[in-house]
Amino acid sequence: MPSIIIDGKEITADPGEKILWAALRSGIYIPNLCATEGAELPFGGCRLCIVEVEVGGRREMLTACSETVRERMKVYVHTEKIARMRRTAFELIMSDHHIDCKNCAKGKTCELIRISSTLKWSLRPKTLRGLVRDLPVDDSHPLFAYDPKKCVKCGKCVFVCQGLGKSFLDFAYRGFEMVVTTFDHLPLSSLGCKSCLECVRVCPTGALYLKETSKNVIPAKAGIQQLLTSPDLCSGGSLKETGGLGDG
Amino acid sequence: MEESEQIEEIFRRFHPERENLLLLLQEIQEKVGYLSRGAMESVAHFFHLPPSEIFSIVTFYNQFRRKPPGRDPVHVCLGTACYLLGGNLILDAFSRELHIEKGDTTEDGNFSLDATACFGCCNVAPVVKINSQIYPKMTPGKVEEVIINLRDKDKN
Ligand code: SF4
Ligand code: SF4
Ligand code: FES
């Protein structure tokens, strides 16, 4: 088992594992928003997990979610340079985010709140102007809704739906115009989605959320309520325990 | 020929392998003029790919349009020379006058608006091409006149 050194602390990792997951398992928090454990091709879109890694006497900036561990690798999670870059990445994410925590379905389990409070940052960008786009909420589905103004384009819902062989959601457009949406923006209710609610479960923000009415319909036993509010399911925690509602 | 027949004809000339996807989309756009919802669905079916993925690809590239081109398709050049001489201002002016964004078509179907790269007449930049005519040395001020003239022409 390779051992790596993160901010001076030695931890063991599984061979072939990415730095991020080794760190999280050992209780070292590296901010992350778009990483899915076991993903064949890490997405690397949010840039929050950047770390410095010593390579041949020099330090390189790398994303912890995509970099495989090497024996005796030296990793730095908290340096001044990293803090600056990470902060900019976070501000960029928040600059087109409709910040409305009071009325947000995500409430306390929001990963953005977790990141901002862990790193003692404000949610609202300090150096960038807010540019929230005027995008409509899709509440056509009986159980859940989608508010693109809260979407951070982490791709988790896209990948999970894809993994289930459905692919109802995908990225569309590019650059600032990029959105996560359905084919030709068709309403969620029209796609033949069987309401497994995996997308809602993996969404780190209040973009995909359960409707108030559906909370009563879904029996507590099915566990989605629990899952959605369990701190373990923040993207920093284990994503292994699935068990949404299934197709039934 | 109907759109679906045109598309069927194109399908016959391609293997449903991923590397052919962009070529095939380009071909449909060239023959039909745009990629309709139905066209994207048939392409998804042909390649055994989810429709959302086709939509993702089509919206990623500027060259694809999802609305039929207008009777007078306006192409504003944003190639290097035209860009440096204010091509974006011309595009903005058309967008304001026609009340449509880049990639859109007016409701009456008369005009569509697109940005393209270089028609090869950089010496008279910035240029706009509408049907086969080149409008040289455009300014935002000339845009209204160009549109009025085309509207009058269409009426007759
Ligand atoms: S997604 Fe998070 S940060 Fe955004 S409004 Fe909801 S609770 Fe607040
Ligand atoms: S909807 Fe949620 S899970 Fe999907 S990309 Fe947006 S933030 Fe990520
Ligand atoms: S880039 Fe690594 S978690 Fe997003």
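This is a tour of a predicted model, stop by stop, with what to select at each one.

Residues are numbered from 1 along each chain as its sequence is written, and chains are lettered from A and ligands numbered from 1 in the order in which they are written. Local features need pLDDT of at least 70 and side-chain atom pairs count only at pLDDT 80 or more, while totals for chains, interfaces and linings use all residues; side-chain values use heavy atoms, with hydrogens and water left out.

**Chain B as a whole**

Select chain B, which has seven helices and four strands. Helices (H or I, at least four residues) and strands (E, at least two) are DSSP runs, numbered from the N terminus. In that direction the order is α-α-α-α-β-α-α-β-β-β-α. The C-alpha trace spans about 50 × 35 × 25 Å along its principal axes. Of the 156 residues in chain B, 45% are buried. Buried means under 20% relative accessible area, exposed over 50%, and partly exposed in between (1.4 Å probe, protein chains only).

**Backbone stops**

Stay in chain B and select B:Ala125 and B:Pro126: the peptide bond between them is cis, with omega near -5°. B:Pro126 sits in the loop between strand 2 (111-116) and strand 3 (128-130) of chain B. Next select B:His99, whose phi is near 55°, a positive value in a residue other than glycine. B:His99 lies in the loop between helix 6 (87-98) and strand 2 of chain B, and counts as exposed at 69% relative accessibility.

In chain A, select A:Arg72, also not a glycine, with a positive phi near 65°. The loop that holds A:Arg72 runs between strand 4 (58-63) and strand 5 (74-76) of chain A, and A:Arg72 is partly exposed at 44%. As background, most residues other than glycine have a negative phi, and most peptide bonds are trans.

**Salt bridges**

Over all chains the structure holds 18 salt bridges, each being a side-chain nitrogen of Lys or Arg within 4 Å of a carboxyl oxygen of Asp or Glu. Select A:Glu17 and A:Arg25, which pair at 2.5 Å, N to O. A:Glu17 is buried at 10% relative accessibility, whereas A:Arg25 is partly exposed at 46%.

Then select A:Asp96 and A:Lys153, a salt bridge at 2.9 Å, N to O. A:Asp96 is in the loop between helix 2 (80-95) and helix 3 (111-118) and A:Lys153 in the loop between strand 6 (144-146) and helix 4 (156-163) of chain A, so the pair ties together parts that are 57 residues apart in sequence. Both A:Asp96 and A:Lys153 are buried. For a network, select B:Glu9, B:Arg13, B:Glu27 and B:Lys31, which are joined by salt bridges that share partners.

**The interface of chains A and B**

Show both chains: 15 residues of chain A are in contact with 14 residues of chain B, contact meaning heavy atoms within 4.5 Å. Two salt bridges are counted between the chains. On the chain A side, strand 7 (residues 170-172) gives the most residues, with three.

**Ligand 2**

Finish at ligand 2, with 14 residues around it; A:Cys151, A:Cys154, A:Gly155, A:Cys157 and A:Cys203 come nearest. A residue is near a molecule if one of its heavy atoms lies within 4 Å of it.
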